[in-house]
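Good morning, and thank you for coming. Please look at the sequence and the structure while I speak, and find each part as I name it.

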Amino acid sequence: MTRFPAAKILLTAVAVSASFSAFSAGQNTIPEELIAAAKKEGVVYSVGMPDTWANWKGTWSDLEKLYSIRHQDTDMSSAQEIAKFAAEKSNATADIGDVGAAFGPVAVQKDVVQPYKPTTWDQIPDWAKDKDGNWALAYTGTIAFIINNDLVKEQPKSWADLRSGNYRVTIGDVGIAAQANSGVLSAAFALGGNETNIQPAIELFADLAKQKRLSLNDPSVANLEKGEVEVAVMWDFNALNYRDQIDAKRFTVVIPSDGSVTSGYTTIINKYAKNPNAAKLAREFIFSDKGQLNLAEGYARPIRAAHLTLPDDIKAKLLPESQYSKAKPITDFDGWEKTSRQLPKLWQQNVIINMN
């Protein structure tokens, strides 16, 4: 597993250019032969890239408007995406997916991806990409709490606060979803653990389970809107997006003051894709100026931040930088990969068992 230097993870406000020419990808030139080949395929099927996540809707809309590429997504977790690529092979129904940072190397190990380096490749930090082009982080996020103001009066500011609250905490599908797994690691960081020692987090969630205050429901925009979530553990870009989609006054979003984790997501192109050129064009666009701006509009932090400038209207959507003072990146990727493999069993034996 590739190690990503901690100093390279961007925790500062992202920057994306505010001015764009009429050209589809801002100041970036997408190869004409790729555009022609993608237009001939005319469609791209994605997994784990729904409209509501990091403003993928903006990217899919632009691809259709600019290149006549139709799109359809099936939402699923990072592990499920890789399993789908491996299982379908010659009968592939997906061309491209978006997985948590730790899953990019896994996809390579499983031999289910094909390489493609976009024209902006040199502007992607080395720590954020596979040298052969099999994966590259497009954006980063930090684990946050989203709190329903109507249902929770004594609102948590930290992981330590969760233990003594009187609300239910929604974490999602631990062991399967990168967001949920990162939530566990975030709690471990805050409570004295690390990538190879998540016991403090396991103890916290086991305690919540014993109190009958742990929910494994999906912290989706629909469940939040219906009032089925009191406090949820989510990526900041999802939490902020869902808050504003529903009603900004109904929800508070905070980065836990005692610690959090910052990580990212990478596109993976299916080795067996039936529309490989459309998938490659999608990756090109995602890493273009306009594609990076789309992600920023979805509250995510684009990976090409150093080469772009953030518009004021997007800055206004984001949390104050001061909230990120205790957030830190994964530095021991080998250790976290091993822990992630053990997490489903640890979760079942120590947390789920206490929910009954």
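Strand S4 is mostly covered, for 13 of its 13 residues are buried. Buried here means under 20% relative accessible area, exposed means over 50%, and partly exposed lies in between, with a 1.4 Å probe and protein chains only. The names of helices and strands come from DSSP runs, numbered from the N terminus: helices are H or I with at least four residues, and strands are E with at least two. Before I go further, please note that this is a predicted model: local features need pLDDT of at least 70, side-chain atom pairs count only at pLDDT 80 or more, and totals for chains, interfaces and linings use all residues. Residues are numbered from 1 along each chain as its sequence is written, and side-chain values use heavy atoms, with hydrogens and water left out.

Let us now consider the partners of S4. Two strands pair if DSSP finds at least two bridges between them. Finally, S4 and strand S10, residues 301–302, are antiparallel and joined by two bridges. Thr140 faces Arg301 in that pair.

Ile147 lies in S4. Is Ile147 buried or exposed? Ile147 counts as buried because its relative accessible area is 0%. Contact, in this talk, means heavy atoms within 4.5 Å. Leaving aside neighbours within four places in sequence, Ile147 is in contact with Val152, Gln155, Pro156, Glu230, Val231, Arg250, Phe251, Thr252 and Val254. Consider Phe251 in particular: Ile147 and Phe251 are 104 residues apart along the chain, yet their C-alpha atoms are separated by 5.4 Å.

Asn148 also belongs to S4, which covers residues 136–148. Asn148 counts as buried because its relative accessibility is 1%. With neighbours within four places in sequence again left out, its contacts are Gly227, Val229, Glu230, Arg250 and Phe251.

I turn now to the helices. Helix H10, residues 276–286, is mostly covered, with ten of its eleven residues buried. Among the buried residues are Lys280, Arg283 and Glu284, together with Leu281 and Phe285.

Next, how are H6 and H13 placed relative to each other? Helix H6, residues 178–190, and helix H13, residues 333–350, pack at an angle of about 100°, and their axes are 11 Å apart. H6 and H13 are therefore roughly perpendicular to each other. From H6, the contact uses Asn181, Val184 and Leu185, and from H13 it uses Trp336, Leu343 and Trp347. By class, the contact of H6 with H13 has five nonpolar residues, one polar residue and no charged residues. For these classes, Ala, Val, Leu, Ile, Met, Phe, Trp, Tyr, Cys and Pro count as nonpolar, Asp, Glu, Lys and Arg as charged, and the others, Gly among them, as polar. An axis is a line fitted to C-alpha atoms, for helices over the stretch in contact, and angles run from 0 to 180 degrees between N-to-C directions. Angles under 35 degrees count as roughly parallel, over 145 as roughly antiparallel, 65 to 115 as roughly perpendicular and the rest as oblique.

Let us step back to the domains. The protein is divided into domain 1, 31–138 + 263–320, and domain 2, 141–260 + 323–352. The centres of the two domains, taken over C-alpha atoms, are separated by 25 Å. The contact takes 23 residues from domain 1 and 24 residues from domain 2. Such bounds come from an automatic or database domain assignment.

I close with the loops. Ala54 has a positive phi of about 55° although it is not a glycine. Ala54 sits in the loop between strand S1, 43–47, and helix H2, 56–67, and is buried, with a relative accessible area of 0%. Lys212 has a positive phi of about 60°, and Lys212 is not a glycine either. Lys212 is partly exposed, with a relative accessible area of 43%.
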